[in-house]
Amino acid sequence: MTNTQVTLLQIDNYGPWTVTPEPRREADLQTLQSRLYADVSQFVGARDGYVFFTRFDNMVGVTNGLDIDDHRLLQESINNRYPVTVSLGIATGQTPIQALSDATALIQDAGSAQDADRRNVLDGRIVDDAHRTESDVQIAHFDVVDATGEYTDELNAFDSFIEIEQGYAELMRYMRSAHDSLSFFVGGDNIIAVCPTLDRAAYEDAIDHVESAVGVELRVGVGRGNTAHVAGMDAKHALEHCRATGSILDLAWE
Ligand SMILES: Nc1nc2c(ncn2[C@@H]2O[C@H](COP(=O)(O)OP(=O)(O)OP(=O)(O)O)[C@@H](O)[C@H]2O)c(=O)[nH]1
């Protein structure tokens, strides 16, 4: 049974900051957001977690292996180096969506995202050492079959982007509603889903659904581990196995 530890990072009072004392240059905001994401990803990744940029002002981490002190250090380091502060909510659950819902509630209960007095919230709980298992995290790494031949080398770059994003939009909704999973676009034609304990049939169902809804053909490798890094690396190897054998689904543990 998975026990996913999820961290929600939210930039405090960011909306008002972007327009105070007057609207700030968009390129500067894009630079700040992507640098912050890069820093958070490096910090969490060095401790074997994953972070997804989602909306940039809100980021979602899979942080099994990081404790509260690690989160405090991340928050302090951002405080020292950026013109914005961040709040962190940390929760655990048998499904990633449940964990993220609980992490979100911790931050929402402390105040609005646009409340000038709500800053540097750090609240929540981690999976303690006594309860950690080798299958706390299940990661599915999806990619589009022959994206290069179907889209990248055939359509203009924007129309390729639309096709890939359509596949992503359909998959993220379906994995959320049917399988309690959180799916994130990670670049190129790749989507990483953080899942509860799902079996082969669930992934086949999701791939079939996306193909029939939007005509995008996916394949997936799935891994498990005590951290996002371990599970994600197994998923990458499983995906390579799919590529080598031509199958659309490989579960690393089977
Ligand atoms: N984030 C991330 N992006 C990747 C990864 N592998 C490939 N990509 C991206 O996906 C793009 C397409 O690469 P592939 O998926 O190998 O290409 P393809 O044409 O779909 O070929 P097949 O996967 O063999 O069907 C690359 O240009 C990268 O941007 C990965 O492990 N992680």
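In what order do the 5 strands of the open sheet that includes β7 and β10 run? In this predicted model, the order reads β7-β8-β6-β9-β10, and the pairing is mixed. The edges go to β7 (182-187) and β10 (249-251), each of which pairs on one side only. From one strand to the next, the twist averages 20 degrees.

At the β10 end of things, β9 (residues 218-225) and β10 run parallel and are joined by 3 bridges. Here V220 sits opposite L249 of β10. Helix α8 (residues 228-245) packs on this sheet, where it touches β6 (137-144), β9 and β10. The direction of α8 makes about 145 degrees with that of β9.

Then there is the helix pair α6 and α7. The axes of α6 (residues 157-179) and α7 (residues 200-214) come within 9 Å and cross at roughly 135 degrees. The two helices are therefore oblique to each other, and their crossing is right-handed. On the α6 side, the contact is made by Q166, G167, E170, L171, Y174, M175 and H179. These residues meet A202, Y203, D205, A206, H209, V210, A213 and V214 of α7. Sorted by class, the contact of α6 with α7 has 9 nonpolar, 4 polar and 2 charged residues.

Now for the other sheet. It is open as well, with 5 strands in the order β2-β3-β1-β4-β5 and mixed pairing. β2 (50-52) and β5 (122-124) each have a single partner strand, so one side of each goes without a neighbour in the sheet. Neighbouring strands are turned by 20 degrees against each other on average, if direction is ignored. Within this sheet, β1 (residues 4-11) and β3 (residues 58-62) pair in the antiparallel sense over 5 bridges, and T7 stands opposite G61 in β3.

Two helices lie across these strands. Helix α3 (residues 68-81) covers β1, β4 (86-93) and β5, and runs at about 160 degrees to β4. Helix α4 (residues 96-110) lies across β1, β3, β4 and β5, at about 145 degrees to β4.

The contact between them takes 15 residues from domain 1 and 19 residues from domain 2.

Conventions
Residues are numbered from 1 along each chain as its sequence is written. This is a predicted model: local features need pLDDT of at least 70, side-chain atom pairs count only at pLDDT 80 or more; totals for chains, interfaces and linings use all residues. Side-chain values use heavy atoms; hydrogens and water are left out. Axes are lines fitted to C-alpha atoms, for helices over the stretch in contact, and angles run from 0 to 180 degrees between N-to-C directions. Helices (H or I, at least four residues) and strands (E, at least two) are DSSP runs, numbered from the N terminus. Angles under 35 degrees count as roughly parallel, over 145 as roughly antiparallel, 65 to 115 as roughly perpendicular and the rest as oblique. A crossing is left-handed if the near helix is turned anticlockwise from the far one by less than a right angle, and right-handed if clockwise. Contact means heavy atoms within 4.5 Å. Ala, Val, Leu, Ile, Met, Phe, Trp, Tyr, Cys and Pro count as nonpolar, Asp, Glu, Lys and Arg as charged, and the others, Gly among them, as polar. Two strands pair if DSSP finds at least two bridges between them.
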